[in-house]
Amino acid sequence: MIRHHPDNNMLLEYAAGSLPWALSLAVSAHLQLCPQCRQQRENLDRIGGALLCDSAPQSVDTAAFDQLMGRIEHEDQQEASSGEAAPAKPRPVYSSDPVLADLPKVIRKLVTSTGPLKWRRVSSALRTSRLNTGQDRYEVAFQRICRGGKVAEHDHRGREVTVVLYGSFSDSEGVYRRGDFLLREPGDVHRPIATQDQECLCLSVVEAPVKVTGLLGWLINPFLSFRPA
Amino acid sequence: MEIPQTRDDDWSQLLVRVGKNEDRAAFERLFRHFAPLIKGFHYSRNTQAFCAEAADELVQEVMIRVWRKAPTFDPSRASANTWVYTIMRNCRIDMLRRNNRRQDSDSSDVDVDDIWDDTADTQPLLFLQRSRGEQEIAEGLASLPPEQSHVLEKAYMEGKSHSEISAELGLPLGTVKSRVRLALKKLQARLSK
């Protein structure tokens, strides 16, 4: 049972197309796991449909339709002459890792696109691997907490969204399971602990820090400022 | 103007014909109907995002995708309006991304249809309510207080985030958020009546 969801404001920005790319990616991963929010998404899309239907029509050049059909025919011919472009099979880069075996479709594609994951050890409990999303406003990464692992208490300098993809973890406020979507604002302090029975994998999307320096910013991410325990 | 109910139904049937038979006459009727609406959606207000040329380009991009994707249109899952809206939204995201993309940025294979993907859903039990939902939402939008419908229009039609709307209207972010939430609550109440 998923208990933590993006709020209606964020879902609406997603449905309207104004939510930043990386945050939309996290919302999308959640939606693929959460039927309740999918239904809400449908309602929000319908608002878009209703607004489109009620728009004041603006005249379109009479030649536009013929232009369009010309373009379509041209594309069809090109495709026919270039033969059947066999779509490249996605590389199965992570099949041996059970934690990565059952990811939402969009995350699977993201992993495939990123190539072999490079796990970096942050502490004895936590490993992280950066994911390539083709944008640099947000840092997108997997965070992997070992079974029963305790992550050092930390706060967040930028907004951070976390989606649990495998296993579960808890902090002083509750337990978070597969599909749960968490938004932390700057200044929130927490200390995540993975449950004893299995590892925990999360997708993390963090607002890029006001560049400390490119490399250092990444090195100290995802835990931007450690507090002495 | 036609009566909304029959109109809605007609467009869905035309889309099905395009999808099944590549019916050009059906597609032309869809184009004559939707192209001016797509343009009006983006261009009738003073949006900076789309000048007339960009709006015309968007119309072409959207309608080409409507033609290509028509075989995936399922009238039991969405109305033609909503389906075209989602295609249009994805096109717009693509266009804005293409314009903003930095030269040196690493590319990714994840594209807009992966993130704004609704093909995976199958929820047959909800289908029955769907066409009613369209109608209810349209009526609900018309009865919202102006300050609430205004923020929805800015969000959808101008593609502005809550914080952009807040800056533009000189309202606290919390006010914009609560207007959006109140509007959704009212629309939702109609749906569950």
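**Exercise 1. Find how the axes of α1(A) and α3(A) lie relative to each other, and which residues make their contact.**

Step 1. The axes of α1(A) and α3(A) come within 9 Å and cross at roughly 55°. Axes are lines fitted to C-alpha atoms, for helices over the stretch in contact, with angles from 0 to 180 degrees between N-to-C directions. Helices (H or I, at least four residues) and strands (E, at least two) are DSSP runs, numbered from the N terminus.

Step 2. The two helices, α1(A) and α3(A), are therefore oblique to each other. Angles under 35 degrees count as roughly parallel, over 145 as roughly antiparallel, 65 to 115 as roughly perpendicular and the rest as oblique.

Step 3. From α1(A), the contact is made by A:Leu11, A:Leu12, A:Ala15 and A:Ala16; from α3(A), by A:Cys37, A:Gln40, A:Arg41, A:Leu44, A:Asp45 and A:Gly48. Residues are in contact if their C-beta atoms, placed from the backbone, lie within 7 Å.

Step 4. By class, these residues are six nonpolar, two polar and two charged. Ala, Val, Leu, Ile, Met, Phe, Trp, Tyr, Cys and Pro count as nonpolar, Asp, Glu, Lys and Arg as charged, and the others, Gly among them, as polar.

The model is predicted: local features need pLDDT of at least 70, side-chain atom pairs count only at pLDDT 80 or more, and totals for chains, interfaces and linings use all residues. Residues are numbered from 1 along each chain as its sequence is written, while chains are lettered from A and ligands numbered from 1 in the order in which they are written.

**Exercise 2. Describe the contact of chain A with chain B.**

Step 1. Chain A gives 45 residues to the contact and chain B gives 57 residues.

Step 2. On the side of chain A, the elements giving two or more residues are α1 (8-16), α2 (21-33), α3 (35-53), α4 (64-81) and α5 (105-114). The largest share, 13 residues, comes from α3(A).

Step 3. This side of chain A divides into 18 nonpolar, 19 polar and eight charged residues.

**Exercise 3. Trace the open sheet of chain A.**

Step 1. Six strands follow the order β1-β2-β3-β11-β5-β8, with antiparallel pairing. Two strands pair if DSSP finds at least two bridges between them.

Step 2. At the edges are β1 (120-121) and β8 (181-184), each pairing on one side only.

Step 3. Strand β2 (residues 126-130) is joined to β3 (residues 138-145) of chain A by five bridges. A:Leu126 has A:Ile145 in β3(A) as its bridge partner.

How values were computed
Two residues are in contact if their C-beta atoms, placed from the backbone, lie within 7 Å.
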